[in-house]
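Dear colleague,

Please find below the structure that I am handing over to you. My findings follow directly after it.

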Amino acid sequence: MARKRNPARLVIALSVAAVLAVFLLYTSIAGGGTPSLKPSQLAGHSGRVSLAGAVVGPVTGDAHQGGLHFRVKDIKGTESVVVLYVGSVPDLFKVGRHVVVDGRLKGGTFVAVPDTLVTKCPSKYTPKKS
Amino acid sequence: MNLALVLAALLAVALVLYVARPFLREPEAADDALDTPGADELRRLELAEERDRALQALRELEFDHRTGKVSDEDYRTLLGPLRRGAAEALRALDR
Amino acid sequence: MAELGRAALVLTLGLVLYAVAAGVYAAAARRRRLARSAQNALLAAFVSTAVAAAVLWAALVRRDFSFVYVAGHTATKLPLVYRLSAFWGGQEGSLLLWLLILTGFGAAAVLLDRRATRDLLAWVTPVLGGVAVFFAFMLVAVASPFATQAAPADGAGLNPSLQNPYMLAHPPLLYLGYVGLTIPWAFGMGALLSGRTDERWIVATRRWTLAAWMFLGIGQLLGSHWAYVEVGWGGYYAWDPVENAALMPWLAATAFLHSVMIQEKRGMLRVWNMLLVILAFGLSLFGTFLTRSGVINSIHSFTQSSIGAWFVGFIAVVIAFSLTLVFWRLPLLRSKTKLESLVSREATFLYNNLLFVALTLTILWGVTFPILSEAVRGTAITVSKPYYNFFLRAFGLPLLLLMGIGPLVPWRRASLRSLERTFLWPIGVAVAAGVVLVFLGGGSSSVGLITYTFAAFVTASIVFEFARGTRARHALAGGSWLRAFTGLIARNRRRYGGYVVHAAIVLLAVGIAGSSIYQTVRERKLRPGQTMTVAGYTLAYRSLQVKTGPNATESRALLAVSRGKSSLGTLGPGKNFYPVEQQTSNEVAIRSNLVTGEDLYVIADQINRDGSVYFKVLVKPAVNLIWLAGFVFVLGSVIALWPDAREERRLAERYGTAGAAVRA
């Protein structure tokens, strides 16, 4: 029973359309993702963002009680912002290390989303996270 | 570090000799043509693949029928065309 | 000795350049001796690369800190085995490892296939040589492992969390996988270049693809296990770009493994298979590039490195070259057979391929989106877990279901009536499992319930396949049931090996679903004497123990664990502090229940000076099924890889090389 039209083409076309539909549906509902910003770029962003930079001391407070306070500055610059963080602190966390943390800017302080602090490993090929 | 350079030189010589080996073994080659299949042989290969495919399809149908995956009626429907396909492939190959 | 290493690499570069030039000329002009010479050059390139590798390994063993690389990745006190594995700890060394494996595999492919595929091999040689040229060039001109310096007193050392067996095996296994995918690609390109329209290239590379895929899978599983027990945040996969870098080629290769079966059986999907092998190889290059350059903000790849731009250029060249070839040979590739029915095994393979490719592309989009958005909009926008989880479920769950449907559907065409009969029992089992699960409390998550139900369906389908096959064989051949069972597998190694691999995937799915969807997490600060309960476990914090070892100060918070009235022993999560490296590492404590597969996972998140500890406790059901899946996965792959004398004979006859060892 040879069919004039190859059903495979139709199946592929429909599937591609379905996949695209699923994709577009997701991105329209859930949004496009979180912007990854340096401290110098924070101004003006009010929603949830991902802050990337280097840790500047002093580091005070308790991450599990009251919150950990430290500053994060541009890796290649001087602008910095105060960060208030609650949650797990990765082992590699130290003054000078490069970190990424999610949160939003509220009244001059970057209030972090709990447990989103990630420290990058200094120069070796190792993964480290919390 | 002369030792390093000597070793490197030795390595280089050995490997270059190895690369040149086909020419060193046969300085004058009677037949230097690469063994590429001609149009005939390619056609034969294609037919052989078709024959193997047809035979394997028959074998699988047999197996699927025995294990109950293909019902009796489906088996009867599919058997004919497959057998014919295999016979055609075998005949084409003989030619 | 560094000069020997450098010279050896220059030699390699020269040899592979020759292999390309001579190989192309020999294949185009059909010169036998020159073609042979080009192949010899590939073999010789392996020897010279091996010499370079030996030089580096010797320097690592000797603690020769005059090598910049050795000083950068080892220290005097580092044990031998980690000095050896530091070979691939840095950029230059891992490039050398890539080249070593590539030339090794190239040599093996040449030696094994020499007699069988003369004209195909004539084109494969320069293609493989071309890839080697890139890596050899990088090693000679851009990132040499043999840079020297005035030797410092001691080296920089290796990150303590890397000093464990999983990290020993993880990179080489992944590389065996990445590089292994070069072979089917090279043979595919060779087939296009030589204008051959038959399936020889697929037959010749089938085991290569399967082996590479197996290594890639195991490498990733080991990496996940390391993350779970060593890094200790409670998870095993974080959708980090470097993790995805290995997952994407693996998914593409999985699709390829399935679709070549269709090409072999029905002669269809030739163009699709070419495109898939190009995708798989391209993604494995991309994966190497992601891990090694600083291009994407990942916690792994912070070093902005010089090789990034080179890699991008190379990948672009490879893709352009491959697609041009496919386009050029398009008329030859068009197949004559068509899909007969949308309800056939071919069709399920087609759907599975579409889903795999869709999942691969969504992950690729997620990984490259930050770079693209930065280029277009100025800010890098990252996507994270919710994005990946959504698509994993959207595409993964149908794939899970298809794994159970595929084996039950015959080739070519299936009538609905016969399908009813074969599907009845597996669906029944699945529904029953679903009901039981709801009673056990699994109804709290619909995704979890669906996953488990699908898993039950697939398991039933696999069990029935084995049962039906054994029964048929027993009826035919007699003998004991055991003999029928083993005979069944021995005569259909690929099929039943494949079913075992499917079983491994089922275990993986159940393990992942259980440990993520149905896990319980509790965090509490405890003083000595206090207790906390999590999901039926009671943990009593007894005391804090501090020990000073040779390399580190170890703090352990001792907890007495019990369940109801029975004591389950002691757990000691804590931290190690390494004074030399000035670094703290997390040491989690895990108690595995080997019957249910559940883990009690305790992290001492923060140890305070007053002896109180902030604990994070996770109870992860079924998580050990994931590691069990690894063993089953290897078992199935080995069964499918196992040489089959009968098949070899059949192929030898077909390709007219009776008497020669045919690699299939």
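In this predicted model, helix α9 (residues 200-231) of chain C and helix α20 (residues 624-641) of chain C cross at roughly 170 degrees, and their axes come within 10 Å. Since angles over 145 degrees count as roughly antiparallel, α9(C) is therefore roughly antiparallel to α20(C). On the side of α9(C), the contact involves R207(C), L210(C), A211(C), W213(C), M214(C), G217(C), I218(C), L221(C), S224(C), H225(C) and Y228(C). Their partners in α20(C) are I626(C), W627(C), G630(C), F633(C), V634(C), S637(C), A640(C) and L641(C). Sorted by class, the contact of α9(C) with α20(C) comprises 13 nonpolar, five polar and one charged residues.

Helix α9(C) also packs against helix α8 (residues 182-194) of chain C, at an angle of about 170 degrees and with the axes 9 Å apart. This angle makes α8(C) roughly antiparallel to α9(C). From α8(C), the residues in contact are I183(C), P184(C), F187(C), G188(C) and A191(C); from α9(C), they are W201(C), A204(C), T205(C), W208(C) and T209(C). Seven nonpolar and three polar residues form the contact of α8(C) with α9(C), and no charged residues take part.

A further pair in chain C has another geometry. Helix α5 (residues 91-113) of chain C and helix α7 (residues 165-180) of chain C have axes 9 Å apart and pack at an angle of about 50 degrees. The helices α5(C) and α7(C) are therefore oblique to each other, and α5(C) passes α7(C) in a right-handed crossing. In α5(C), S94(C), L97(C), W98(C), I101(C), L102(C) and F105(C) meet residues of α7(C), namely P172(C), Y175(C), L176(C), Y178(C), V179(C) and G180(C). By class, this contact of α5(C) with α7(C) has ten nonpolar and two polar residues, with no charged residues.

As regards domains, the assignment for chain C gives domain 1 (1-158) and domain 2 (520-620). The centres of domain 1 of chain C and domain 2 of chain C, taken over C-alpha atoms, are separated by 46 Å.

I turn now to the contacts between chains. Two pairs of chains touch, and the pair with the most contacts is that of chains B and C. Chain B contributes 51 residues to this contact and chain C contributes 68 residues. About 4,900 Å² is buried between chain B and chain C, with 57% of the area coming from carbon and sulfur atoms. Of the area that chain B buries against chain C, L34(B), R53(B) and K69(B) supply 15%, more than any other three residues. Chain A and chain B, in contrast, do not touch, and their nearest C-alpha atoms are 10 Å apart.

With kind regards

Terms used:
Residues numbered from 1 in each chain as written. Chains lettered and ligands numbered in written order. Predicted model: local features only at pLDDT ≥ 70, side-chain atom pairs only at ≥ 80, totals over all residues. Heavy atoms only, no water. Contact = heavy atoms within 4.5 Å. Axes fitted to C-alpha atoms, helices over the stretch in contact; angles between N-to-C directions. Helix = DSSP H or I, 4+ residues; strand = E, 2+ residues; numbered from the N terminus. Parallel < 35°, antiparallel > 145°, perpendicular 65-115°, else oblique. Left-handed = near helix turned anticlockwise from the far one by under 90°. Nonpolar A, V, L, I, M, F, W, Y, C, P; charged D, E, K, R; others polar. Domains from an automatic or database assignment. Buried area = accessible area lost by both parts, 1.4 Å probe.
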